[in-house]
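This briefing sets out selected features of one protein model, grouped by topic. Please read it alongside the sequence and the coordinates.

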Amino acid sequence: MDYTILQTAADTDSVIDALTTLAPGWSDRTGIEHAQGWTTVPMEPRTASQFAPLLANLLGRGVLVWTVDAEHCRVSLHRANGSVVDAVDRPDQVDELARAFHESHLLVSTEGEKDKTALAAAASDPARSPNDRHRAFSELLGVPHVAPTRPPAPNPTAPSLTSASAPLGTDQFRRRERIRSTRSWLHLFSGLGGVAIVLLVIQGPWLLIPVFLVVIGVLQVIRFWIGRSLPPGDAKSRPVTLG
């Protein structure tokens with residue numbers, strides 16, 4: 001099956017919120033996956049080419065677009081600065097895109113230099129199927145290999161933001177991102193407070209337990225209050241990301 005996917009190193013809620021900011025109506029999450037810190041969204045080729053540069057700018061991080069058909073595995077890296085690096089089954093293009101990718105994505109790789117050389121060769125080997133080339137290229141970059149088995153969900157096919165509305169949409173999205181980050185930290189501190197209470201139960205002094213309970217309660221009230229401005233279903237716990 002031919003397919004096109006968009007991948008970026010962000011959690012699913014942030015990606016859906018960003019896509020909704022660009023074009024209201026992203027309600028169907030069918031086929032959207034999250035693994036190893038990367039969210040994958042199946043799209044039509046034209047849809048992905050329109051959303052990818054805007055999404056990279058909105059999220060402030062690179063966006064990969066993979067298009068795999070019966071003959072080719074095409075990869076485009078859209079960077080936050082607006083530049084694009086493309087690779088289509090050619091060794092020099094694979095090397096260029098891999099270098100550009102690793103300049104902007106700090107990943108812990110377990111692959112040795114020989115393994116990387118073999119993967120780079122496999123990613124442009126015409127004797128391999130396009131899906132196998134996609135798999136090898138994914139391993140080279142250190143991102144999940146996702147090959148959808150069903151058509152993309154019926155979500156918007158083109159961005160609706162104009163040049164005039166884009167700054168406002170961007171400001172609103174980044175405000176929601178700051179709220180999510182703050183809520184994640186509050187959730188973390190509440191959890192640490194719970195651990196402290198357990199230690200106090202075991203070791204004492206018990207007199208401090210009510211103090212920690214009050215602190216946890218206050219943190220949760222603040223977390224709930226600031227989460228009221230988030231989209232429905234999005235005001236929930238999310239892991240804190242460092243860096």
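The points below go from the whole chain to individual residues.

The model is predicted. The protein chain has 243 residues, of which 41% count as buried. It contains seven helices and six strands, arranged along the sequence in the order β-α-β-β-α-β-β-β-α-α-α-α-α.

**Chain-level properties**

- Among contacts in the protein chain with a separation of 6 or more, 66% are between residues 24 or more positions apart.

**Strand β1 and Gln7**

- Gln7 belongs to strand β1, which spans residues 3–8.
- Gln7 counts as buried because its relative accessibility is 0%, under the 20% cut-off.
- The side chain of Gln7 forms a polar contact of 3.0 Å with the side chain of Thr40.
- A polar atom of the Gln7 side chain also lies 3.0 Å from the backbone oxygen of Pro144.
- Beyond the residues within four places in sequence, the contacts of Gln7 include Trp38, Thr39 and Thr40, as well as Gly62, Val63, Leu64 and Trp66.
- Val143, Pro144 and Val146 are also in contact with Gln7.

**Strand β3 and Thr39**

- Thr39 sits in strand β3, residues 38–42.
- With a relative accessibility of 1%, Thr39 is classed as buried, since the class requires a value under 20%.
- Thr39 and Leu6 are 33 residues apart along the chain, and their C-alpha atoms are separated by 8.2 Å.
- Leaving out residues up to four places away in sequence, Thr39 touches several residues, including Leu6, Gln7, Thr8, Ala10 and Asp11.
- Thr12, Val15, Ile32, Glu33 and His34 are likewise among the residues that Thr39 touches.
- Two polar approaches involve the Thr39 side chain: one to the backbone nitrogen of Thr12 at 3.3 Å, and one to the side chain of His34 at 2.8 Å.

- Helix α1 covers residues 12–22 and is mostly covered, with ten of its eleven residues buried.
- The buried residues of α1 are Thr12, Asp13, Ser14, Val15, Ile16, Asp17, Ala18, Leu19, Thr21 and Leu22.
- Asp11 caps the N-terminal end of α1, with a side-chain oxygen 3.2 Å from the backbone nitrogen of Asp13.
- Asp13, itself in helix α1, has a relative accessible area of 8% and is therefore buried.
- The side chains of Asp13 and Arg29 are joined by a polar contact of 3.2 Å.
- Asp13 and Glu177 are 164 residues apart along the chain, with their C-alpha atoms separated by 9.8 Å.

**Helix α2 and Thr47**

- Thr47 is placed in helix α2, which comprises residues 45–59.
- A relative accessible area of 7% makes Thr47 buried.
- Apart from neighbours within four places in sequence, Thr47 is in contact with Pro156 and Thr157.

**Positive phi values**

- Most residues other than glycine have a negative phi.
- Gln36, which is not a glycine, has a positive phi of about 55°.
- Gln36 lies in the loop between β2 (33–35) and β3, and it counts as exposed because its relative accessibility is 63%, over the 50% cut-off.
- Asp89 also has a positive phi, near 60°, and is likewise a residue other than glycine.
- Asp89 lies in the loop between β6 (84–88) and α3 (91–104); at 15% relative accessibility, it counts as buried.

- The structure holds one cavity of 30 Å³ or more, and the largest cavity has a volume of about 30 Å³.
- The lining of the largest cavity includes Trp26, Asp28, Thr30, Ile32, Val41 and Pro42, together with Pro152, Ala153 and Asn155.
- By class, this lining consists of six nonpolar, two polar and one charged residues.

Definitions and conventions: Residues are numbered from 1 along each chain as its sequence is written. This is a predicted model: local features need pLDDT of at least 70, side-chain atom pairs count only at pLDDT 80 or more; totals for chains, interfaces and linings use all residues. Side-chain values use heavy atoms; hydrogens and water are left out. Helices (H or I, at least four residues) and strands (E, at least two) are DSSP runs, numbered from the N terminus. Buried means under 20% relative accessible area, exposed over 50%, partly exposed in between (1.4 Å probe, protein chains only). Contact means heavy atoms within 4.5 Å. A polar contact is a pair of N or O atoms within 3.5 Å; within protein, one must be able to donate a hydrogen and the other to accept it, and residues adjacent in sequence count only if both atoms are side-chain atoms. On a 1 Å grid over the protein atoms alone, a cavity is a set of points where a 1.4 Å probe fits but cannot get out, and a pocket is an open set with protein on both sides within 12 Å along at least five of seven lines; lining residues have an atom within 4 Å of a point. Grid points are joined across faces, edges and corners, and a volume is the space filled by probe spheres set on the points. Ala, Val, Leu, Ile, Met, Phe, Trp, Tyr, Cys and Pro count as nonpolar, Asp, Glu, Lys and Arg as charged, and the others, Gly among them, as polar.
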